[in-house]
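These are my notes on the entry you passed along.

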Amino acid sequence: MKYFLGIDVGSSKTHALIADGAGHCIGFGKAWGGNHQGVGYDGLTDVLQKSFKQARQMANVTAEQIVGAGFGVAGYDFPSDREPHLETIASLGLSCHVEVVNDGVNGLLAGTSHGIGINVTAGSGVNCYGRGPNGEEGRTVGNGTDFGEFGGGIEIVWKGLHMVNYAWIKRIPPTALTDIYLEVTGAKDELDLMEGLSNENYHLFPFITVRIFEAAQAGDAAACEVLRWSGEELGWLAVSVARQIGMENDEVEIVQSGSVFDGGELIIEPMRQVIFQHVPKARLTRLDGPPVVGPVLLGMQMAGVDGYPVRQTLIQTAKELVQE
């Protein structure tokens with residue numbers, strides 16, 4: 001029996017999954033985040049080894065029995081990252097072919113019918129990757145605000161802060177966001193909030209996104225504007241990558257992955273409008289299943305196996321096995 005390994009390394013958690021050739025997931029392991037930009041390569045080594053060991057023990061499979069392995073890793077952004085990542089992966093003792101990609105590719109592989117299309121990831125941050133039918137690849141930088149790429153949780157939170165400030169300086173009417181930001185930071189009033197943030201005594205975190213969605217659902221105009229803006233920005237990421245891979249006039253699959261999309265139509269509808277204006281034949285889908293299925297499919301590819309005929313089996317059995 002042939003076995004395949006996939007590991008999804010995020011900034012907050014790591015998932016490892018082992019599957020057999022029929023697409024049945026038989027081993028799962030998890031660990032904390034392993035983005036080398038935050039935990040270093042020693043930290044990445046730790047999460048790879050811990051998650052792989054758990055998956056291997058559950059599956060009762062040795063490292064030597066793995067015939068192909070794929071790794072989708074947060075923080076793997078540039079060509080200069082390749083060698084240190086491969087050196088870290090070598091610590092697992094695998095003797096098979098391996099491949100490492102950015103974790104933005106995970107949703108692309110897991111969410112499209114044949115690994116062709118675009119994945120827009122919106123969690124705490126934002127990323128977008130695409131692959132065309134002839135192997136063309138497209139991407140965004142994936143490092144957010146510095147490069148004008150918006151729509152993830154932290155960008156939504158900062159846009160919400162803009163609205164709180166606008167209400168304070170009376171550029172816009174009062175907003176429910178003000179009370180939310182005062183509550184989560186413990187600030188006494190708007191002036192204290194601005195001073196505390198400026199002096200780094202207060203800090204903002206992506207979880208505030210949930211409160212912004214709640215305010216928008218209750219009809220707060222400023223919160224609705226934040227989500228409209230965010231959705232449009234996510235749409236532009238997809239449009240940009242569609243142009244890079246030459247699929248703006250095709251029936252390209254665009255996968256929406258990440259927790260931000262749990263907010264539903266408040267953010268999806270403005271994203272859809274931008275996409276359909278510029279990529280009119282696009283087909284939008286929500287990622288159905290754990291992103292770690294993507295690296296498993298990549299691992300199968302490394303072993304010369306087409307995993308897409310068993311993709312649905314991988315997704316279904318992964319849902320039964322993977323624990324957040």
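Is Arg131 buried or exposed? Arg131 is buried, its relative accessible area being 18%. This is a value from a predicted model, as are the others below.

1. Glu137 and Arg131. The two residues form a salt bridge in which the closest N and O atoms are 3.8 Å apart. The cut-off for a salt bridge is 4 Å. Glu137 counts as exposed, because its relative accessibility is 59% and the threshold for exposed is over 50%.

2. Salt bridges in general. The structure holds ten of them. Side chains of opposite charge can pair when their charged atoms come close. The points that follow take up some of the remaining cases.

3. Glu99 and Arg82. In this salt bridge the closest N and O atoms lie 2.9 Å apart. Glu99 belongs to strand E5 (residues 97-102) and Arg82 to helix H2 (residues 82-89), so the bridge ties together parts that are 17 residues apart in sequence. Arg82 is partly exposed, with a relative accessible area of 28%.

4. Arg228 and Glu225. This salt bridge has its closest N and O atoms 2.4 Å apart. Both residues sit in helix H8, three residues apart, so about one helical turn separates them. Arg228 counts as partly exposed at 31% relative accessibility, and Glu225 counts as partly exposed at 29%.

5. A charged network. Glu183, Arg211 and Glu214 are linked through salt bridges into a network.

6. The largest nonpolar core. This core has 49 residues, and those with the most contacts inside it include Ile118, Val120, Leu177 and Tyr181, together with Leu193, Ile212 and Leu234. Two strands, E6 (117-122) and E7 (126-131), are among the elements that give two or more residues to the core. The helices that do so are H4 (153-168), H5 (177-185), H6 (190-198), H7 (208-217), H8 (221-244) and H9 (265-278). Helix H8 supplies the largest share, ten residues.

7. Ile212 within that core. What does Ile212 touch, leaving aside its neighbours within four places in sequence? The residues in contact with Ile212 are Ile156, Val157, Gly160, Leu177, Tyr181, Ala223, Val226 and Leu227. Of these, Leu177 and Tyr181 are also listed with Ile212 among the residues with the most contacts inside the core.

8. The second core. A separate core of 26 residues includes Leu17, Val255, Val310 and Val322.

9. Trp168, Ile169 and Leu191 make a patch of about 300 Å². Leu191 itself is exposed, with a relative accessible area of 51%.

10. Asn35. This residue lies in the loop between strand E3 (25-32) and helix H1 (36-59). Asn35 counts as buried because its relative accessibility is 12% and the threshold for buried is under 20%. The side chain of Asn35 makes a polar contact with the side chain of Ser11, at 3.3 Å. Neighbours within four places in sequence aside, Asn35 is in contact with Val9, Gly10 and Ser11, and also with Gly40, Ala74 and Gly75.

Notes
Residues are numbered from 1 along each chain as its sequence is written. This is a predicted model: local features need pLDDT of at least 70, side-chain atom pairs count only at pLDDT 80 or more; totals for chains, interfaces and linings use all residues. Side-chain values use heavy atoms; hydrogens and water are left out. A nonpolar core is a set of buried Ala, Val, Leu, Ile, Met, Phe, Trp, Tyr and Cys residues joined through side-chain atoms within 4.5 Å. Buried means under 20% relative accessible area, exposed over 50%, partly exposed in between (1.4 Å probe, protein chains only). Helices (H or I, at least four residues) and strands (E, at least two) are DSSP runs, numbered from the N terminus. Contact means heavy atoms within 4.5 Å. Patches are made of residues with over 30% relative accessible area and no salt bridge: like charges are joined within 9 Å, nonpolar side chains (Val, Leu, Ile, Met, Phe, Trp, Tyr) within 5 Å. Accessible areas come from the Shrake-Rupley method with a 1.4 Å probe; for residues, only the protein chains shown count as cover. A salt bridge is a side-chain nitrogen of Lys or Arg within 4 Å of a carboxyl oxygen of Asp or Glu. A polar contact is a pair of N or O atoms within 3.5 Å; within protein, one must be able to donate a hydrogen and the other to accept it, and residues adjacent in sequence count only if both atoms are side-chain atoms.
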